[in-house]
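Work through these exercises with the structure open beside you. Try each task before reading its solution.

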Amino acid sequence: MLDMLRGITIDDVTTRDMDDAIRVESTENGGWHVVVMIADVSKVVHTHSELDRIAMSRVETRYYASGNSPMLPRRLADEELSLWPGKSKYVLAVDIILDADLSILEARLSRTAMTSEAKLAFSDIPRILSEREHPQHALIKLASQLANDLLTQRRNRGALAFYDLWRGFVTNEEGSLRQLRRREDTIGYVIIQELMILANMVVAEYAVKNDIPILFRNHTARSATPERVDLLKLLESMAVIPEINIATLRHTTHMMLNRAEYDPVILGHFGLNLGAYTHFTSPIRRYADLVNHRQIRAYIRNEPLPYSKEEIRSIASHVNMVHFENDRARSEYLKEKAYRKAESFILEARIEDTSDKEFEHITKFLIRKGEDCPEAYCDAFRKRLGKLPIICAELVLLQAPDGERWTGLKKALLEEMVTAPHRATSIFDIAQHIPGWQVPVYEVTETSRGNLPVFTARSTTKVGNREYRSAVYEDLTKKGAVQRASVDLLAAILGLPAPALKTTIADPSASKEEVTINTSKDPIFALQEYCQAKRLTLPAYSFETEGPINKPTFTCTCTFGSSTSTGQAGNKKRAKRLAARAMIYTLVPRN
């Protein structure tokens, strides 16, 4: 007789197809005992049966705003196979023992039975964590601690992982950003994501070790993808950038990476930074997981494997193709829907009242028409300068057709970059998805004037077969010089005059006394005193607030020339002081 396991399910509040359950316990040596239990779908849905043909044709459960279209009939997906509380179900269990450092000491796969003790929603988790008397408090507390440790470990090992508890932003396996419908879902989402990634990784390693042909989940980077450390910095910037720019950042990171696909051959998973990975934990919702279940189930029961490696290859090709077609159809549907809405805004003269996303759709619609933009759009565009999403700037600068009004907007964007030259480098990052555009190359040199470092930069690139080169620009920081050269390069490509970007750096040799920063003083005052002595423009400070009203977090950004630094604290004054201190060590690291 099979041992009866117990666990809980955590899903979205509306979910009825629960195919995974968890159990987490602490061990005597400070480690962890994790059991991930997955519904034994292959017990009911047999290979080459009519149910199997239906599942293979659909490939996955598709979700919509008003519901879903299940891969399997609802009587199975939502009832017979789903891990409802109080009902005994057959499962494939991934049983894992971790030490205190999260190294895997032991992993075992088995077919057994389980009973779910509770059906929890993501939004329940914060409340359960705060209620010690709740029946699931101890389990959820352990699961939350373990998930946070696993997430930290993955990030330290280079995975593209990030989440924002206060705004509900999370990354998926490929490092793509999404926002949960409710920010209180975040902790529960992270618990399930981390434990499912752990289970999938263990199954992939089990398949490799035992030479079991399965569908591996591969994810590769593109040739123009930045170094992993730079991608991680880009993800970390989400913690401090305004929410208005998140969509642009999501779009940028999405373009840097290839689609994840299935294959019997291991190519590695870039987003997770793993050598081997698979999908195993959602056999009710994904056909790839069901196929892998059948292979693993047969192996642990000493039965013939239902699929050969060639059959696995054929299934991988089919699943990848259906995913691609589904994504393309969805993209086209959403695009046409957005264009119809954009056209209505134009016809009804409501362009100024639109959100940033709607304004982006209007911009794309007008560019697709291939005509000069209307005056009303120009007026609305100019009013948004300075707070315009970077994707709209990229569309107008790089994709808008010829036209007097379009040209005027391009000039306005270039002029605006005089005070925000970093936007030019962002434009070039986005431009990499346009055929024929190459990554700019920067020639940077460093000199010094007195105690100040001075950087000069020139940038070159090719668009099609034509080469473009910027003038030479200097700045107090390498980043600032590169950004200014990027603005000039952009102007050269567009055939427009470059805006006034020259930076005048005072020559300290004109002063008889060496001026240094007194680091024993308050950093705000010390930085101000230093700037006055050097006859440099004083730094500017700006603030952003996030978190609950009773416990806010302030982020201060210090801007000096084209260099920025930040400080974060529970009050404005300390955040400003930390930002000033960071700027001091950025500009004059030796002082």
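This model is predicted.

**Exercise 1. Is Asn-273 buried, partly exposed or exposed, and where does Asn-273 sit?**

Solution. 
- Step 1. Take the relative accessible area of Asn-273, which is 34%.
- Step 2. Compare it with the cut-offs: buried means under 20%, exposed means over 50%, and partly exposed lies in between. Asn-273 is therefore partly exposed.
- Step 3. Locate the residue. Asn-273 belongs to the loop between strand S12 (261-263) and helix H8 (287-300).
- Step 4. Check the backbone. Asn-273 is not a glycine, yet its phi is positive, at about 55°. Most residues other than glycine have a negative phi.

**Exercise 2. Describe Asp-211 in the same way: what are its phi, its place and its exposure?**

Solution. 
- Step 1. The phi of Asp-211 is positive, about 55°, although Asp-211 is not a glycine.
- Step 2. Asp-211 lies in the loop between H5 and strand S11 (216-218).
- Step 3. Its relative accessible area is 67%, so Asp-211 is exposed.

**Exercise 3. In the sheet of S8, S9 and S10, which strands stand at the edges, and why?**

Solution. 
- Step 1. Write down the order. The open sheet runs S8-S9-S10, with antiparallel pairing.
- Step 2. Count partners. Strand S8 (163-164) and strand S10 (177-179) each have a single partner strand, so one side of each has no neighbour in the sheet. These are the edges.
- Step 3. Look at one pairing. Three bridges link strand S9 (residues 169-171) with S10 in the antiparallel sense. Val-170 has Arg-178 in S10 as its bridge partner.
- Step 4. Helix H5 (residues 186-209) lies across S8, S9 and S10, at about 10° to S9.

**Exercise 4. Now take the open sheet of S17, S18 and S19: what is the strand order, and which strands are at the edges?**

Solution. 
- Step 1. The order is S17-S18-S19, and the pairing is antiparallel.
- Step 2. Strand S17 (540-546) and strand S19 (563-569) are the edge strands, since each pairs on one side only.
- Step 3. From one strand to the next, the twist averages 20°.
- Step 4. Strand S18 (residues 553-560) and S19 are joined by seven bridges. In one of these strands, S19, Ser-565 is the bridge partner of Cys-558.

**Exercise 5. How do H10 and H12 pack?**

Solution. 
- Step 1. Two packed helices are described by the angle and the distance between their axes.
- Step 2. The axes of H10 and H12 come within 9 Å and cross at roughly 10°.
- Step 3. Angles under 35 degrees count as roughly parallel. H10 and H12 are therefore roughly parallel to each other.
- Step 4. The crossing is left-handed.
- Step 5. Find the residues that meet. H10 brings residues including Phe-359 and Ile-367, and H12 brings residues including Ile-391 and Val-396.

**Exercise 6. Which residues have the most contacts inside the largest nonpolar core?**

Solution. 
- Step 1. The core has 51 residues. Tyr-377 and Trp-406 have the most contacts inside it.
- Step 2. Among the elements that each supply at least two core residues are helix H11 (375-384) and helix H13 (404-416).
- Step 3. Another core, of 49 residues, lies apart from it and includes Val-24 and Tyr-277.
- Step 4. Follow Trp-406. Beyond its neighbours within four places in sequence, Trp-406 contacts residues including Leu-366, Tyr-377 and Pro-401.

Conventions: Residues are numbered from 1 along each chain as its sequence is written. This is a predicted model: local features need pLDDT of at least 70, side-chain atom pairs count only at pLDDT 80 or more; totals for chains, interfaces and linings use all residues. Side-chain values use heavy atoms; hydrogens and water are left out. Two strands pair if DSSP finds at least two bridges between them. Helices (H or I, at least four residues) and strands (E, at least two) are DSSP runs, numbered from the N terminus. Contact means heavy atoms within 4.5 Å. Axes are lines fitted to C-alpha atoms, for helices over the stretch in contact, and angles run from 0 to 180 degrees between N-to-C directions. A nonpolar core is a set of buried Ala, Val, Leu, Ile, Met, Phe, Trp, Tyr and Cys residues joined through side-chain atoms within 4.5 Å. Buried means under 20% relative accessible area, exposed over 50%, partly exposed in between (1.4 Å probe, protein chains only). Angles under 35 degrees count as roughly parallel, over 145 as roughly antiparallel, 65 to 115 as roughly perpendicular and the rest as oblique. A crossing is left-handed if the near helix is turned anticlockwise from the far one by less than a right angle, and right-handed if clockwise.
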